[in-house]
Structures are given as C-alpha cells and as structure tokens.
Amino acid sequence: MNHGADLLLIGTTLLLALGAHAVGQKVHVPRVTLLLLLGALAGPDLLDLLPDNADQSFSLVTQLTLAMVGFLLGERMSARDLKQGKEALIVSLAVTLLTAVVVILAVWWVTGNLPAALLLGGIATATAPAATLDVMREAGANGPLTRLVFQVVAIDDAWGAILFSILLVVAGLLLGNGEALSGPSALLHGVGEVVGSVLLGVLLGFPMAWLTGRLRPGEPMLLESAGFVFVAAGLASWLGLSYLLACMSLGIVVANRARHHIRPFRSIEGISEPFLALFFFMAGYQLDWLSLPALGALGVVYVLARLTGRLVGGYLGAVLAGSPPTTRHRVGACLMPQAGVALGLALVATERLPELSYILPLVIGATVVFELIGPPLTLIQLRKAGETGRGFAPEPEE
C-alpha cells in the first residue's frame, strides 16, 4: 500500500502549523484558531482539498493526542503545587463547578436533552492556558490578579477533564450506550468505568514513578514515558474505560511519587507538538458548515451560559478564598479562552456517543469565538487592575 498521500498530508499540515504560528504572533490570533480555520477551509464542504479517506486515521491521532494531553494534565495535580496555591485551588473549583452547572441548566432548558447538556457542561469547563499566559507575558503583567490567574489556568483543565469523564459516563448511561442496563446495574456500570479508569492509571503509575529517574535523560526517558502513556491508553480502550481519565491518573501518580517527576512530562511535551497540529487541523476538517445555522441559537446559549458561569464562579470562588476586591471582580473574565482541551473533550464525546454528533461543530464554533474574545478581555481586566507593564513574574515572591 502506498502511503504517499498520507505522508504528504502530514507534512503539509505540520508546515501549515508552522506558518500559523508565525502568522498568529503577528496578528495576535492563537495558532489553534488558525489551524481550525485552515482545516475547515480544506474540508469537503468548501475547498475539498484532501483525499476521500483522509479522516479515517483521525480516530488514532485523536487517541494518541488526548492520551498525551491527559498525562500532561496530571502534572498539574501535584500535591505540592496545590498546597502552595490554596486560593487558586478554591477559585478553580468554584469556576469549574459553576460553569458546568450554568451550562447544563441552560442547554437542558433550551434542548430538553439532558445527555447533551451534561457533555456541553463538562466541555465548557476547559480553558486555554497558552492564550492566557501569552497575553500576560506580552502585557508584562504582574500582581495579585496575574498570579491568581496564572495558578488557576494551570489546574482548572484537570478539574474539568475529571468532571467531563464522569459526566460522559452518566450521559452514556442515560442514552443506553448500546447496553441494556438500567437502575442499579447502570449505576454500577458507570461507577465501575470511572473507578476502573483511575485504578488502571494508578496501577501503571507506580511502576512508572519508580522507574523515572533511574534512566538517564534523553532517549530512554522518552521511550519510557511514551510507552507507559500509550499502554495506559490502549488498555483503557480495550477494557472499555476512559483513556483520558486513565492517562490523567497516570500523570497524577508520577507527579506526586516520582523522584524526578519533571522529566517524563517534558519528554511527552517534546513529542506532542506534531500530534497537536494534526489534531487541530483535522478537527477543523470535520466541521460541518451546513449544520452551523441550525446550531445558531444553541451556540449563542452555550456561549452566554459559559460567560455567565465563568464570571459568577470566579467572583464566588474569589470571595470564598478571601481574594482582594479588585481580583474578585476580574478573575472570572480572565478565564474565557478555550481551545485544545475543549476540542479534545468534544471529540471524545462524539466518538463515544455518535448520536450527539452536533456537539463537535458547536464546540468548534464556540472555541473560535472564545479564542477571539478571550485574550482581549483578559488584557482589559489586567489593565483595569493596574498590573500591566510591570514585567511578567507570575510566581509569588518569597
């Protein structure tokens, strides 16, 4: 079999990602947004530039990419970092839970579809740390609000992914998910999937944590890290568990138990870029333009509900954490950007529950909106707080 077309597609996509990165820095538009738009333009509804079977291998790319993303999210749940950022811990939990609740209630009220509402509520909790940090660096921001936002965006994706994994199981049970389960059997099945995913990650995490640091840095470390991550994802898929939750649990154990826990995460980061580029481009390629007008009202509700959840959750969380008044009114507005993790969760939802296929185009459209309005909104709040132009230094002073 000749894979020339596949190799050409991969190489062209990576070069497009390089170009998108350069253009994005000039026009201050995130690379994710540009790759999504390029993929959508190349899709069958518009220019139709790719071969007919171009998206057949996308499922594998999705699983590989999200396995690595899940593992990297686990690093953010280090007990040491959580103890040092108690204010951020409270705010991030409040923002995550309030965003999910508001979006679930709003979507359920509009559609009457509880499974879809649960999934969109879980997806809405994800943020885009890269876009937020880029704004803070460019503005030279420093101060209480900057430090809090820096810490919150470092961990709230992890909370969101955990919550989404649980809501995905619940949504699957409500829809039947192809199984004749009901009542206690359905509940037991759902609990078993979540617990089994976590347990699998933990069981693989301890030997990985023990091995980390006993191999010299470089190629052996990369082989070790990638091997454990992909084995965890493969076993989870084979056993019918959540590979995202399993890989995140793997990362949490390594972050808290490994002697040199930073090395495996940096190794995975080093190989994730090409996969992420393919992931974003092909996500845009799958966008169904014809379905967007029909999703207009639901998309507006989703965007407004997420905006409300972030603002209210940020304020309440900051009040509970004892943050200063200036921070309370602005932290939620700094958490609007949404990108890669949200797309990944939407793709997982579509893969597991194909009857809710409209979730993906809705989230892609909303992601573009939030990536366009989020960074400017963050910059405005930092300026109003008087924290710009001080030199970016998010870590609290000793």
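In this predicted model, helix 5 passes helix 8 in a right-handed crossing. Helix 5 spans residues 86-111 and helix 8 spans residues 144-175. Their axes come within 8 Å and cross at roughly 45°. Helix 5 and helix 8 are therefore oblique to each other. From helix 5, the contact draws on Glu87, Ala88, Leu89, Val91, Ser92, Leu93, Thr96, Ala100 and Ile104. These meet Leu148, Gln151, Val152, Ile155, Asp156, Trp159, Gly160, Leu163 and Leu167 of helix 8. By class, the residues of this contact divide into twelve nonpolar, four polar and two charged.

Helix 5 itself has 26 residues. From first C-alpha to last it reaches 37 Å, close to the 38 Å expected at 1.5 Å a residue. Buried residues of helix 5 include Ala88, Val91, Ser92, Ala94, Val95 and Thr96. Thr99, Ala100, Val103, Ile104, Ala106 and Val107 are buried in helix 5 as well. An α-helix has 3.6 residues a turn, so residues three or four places apart point the same way. The cover over the buried residues of helix 5 includes helix 6 (114-124), helix 8 and helix 13 (296-321). Glycine 112 follows helix 5, and its phi is positive, near 70°.

Helix 12 (residues 262-285) packs against helix 15 (residues 340-352) at an angle of about 60°. The two axes lie 11 Å apart. Helix 12 and helix 15 are therefore oblique to each other. The crossing of helix 12 past helix 15 is left-handed. Phe279, Phe280 and Ala283 make the contact from helix 12. Gly340, Leu343, Gly344 and Leu347 make it from helix 15. This contact has five nonpolar, two polar and no charged residues.

Glycine 374 is found in helix 16, which covers residues 359-384. With a relative accessible area of 0%, glycine 374 is buried, because the cut-off for burial is under 20%. Glycine 374 touches Met336 and Pro337, leaving aside residues up to four places away in sequence. Glutamine 338 is 36 residues from glycine 374 in sequence. In space, the two are 7.9 Å apart, C-alpha to C-alpha.

Conventions:
Residues numbered from 1 in each chain as written. Predicted model: local features only at pLDDT ≥ 70, side-chain atom pairs only at ≥ 80, totals over all residues. Heavy atoms only, no water. Helix = DSSP H or I, 4+ residues; strand = E, 2+ residues; numbered from the N terminus. Buried < 20%, exposed > 50% of the residue type's maximum accessible area, 1.4 Å probe, protein only. Contact = heavy atoms within 4.5 Å. Axes fitted to C-alpha atoms, helices over the stretch in contact; angles between N-to-C directions. Parallel < 35°, antiparallel > 145°, perpendicular 65-115°, else oblique. Left-handed = near helix turned anticlockwise from the far one by under 90°. Nonpolar A, V, L, I, M, F, W, Y, C, P; charged D, E, K, R; others polar. Expected span 1.5 Å × (residues − 1).
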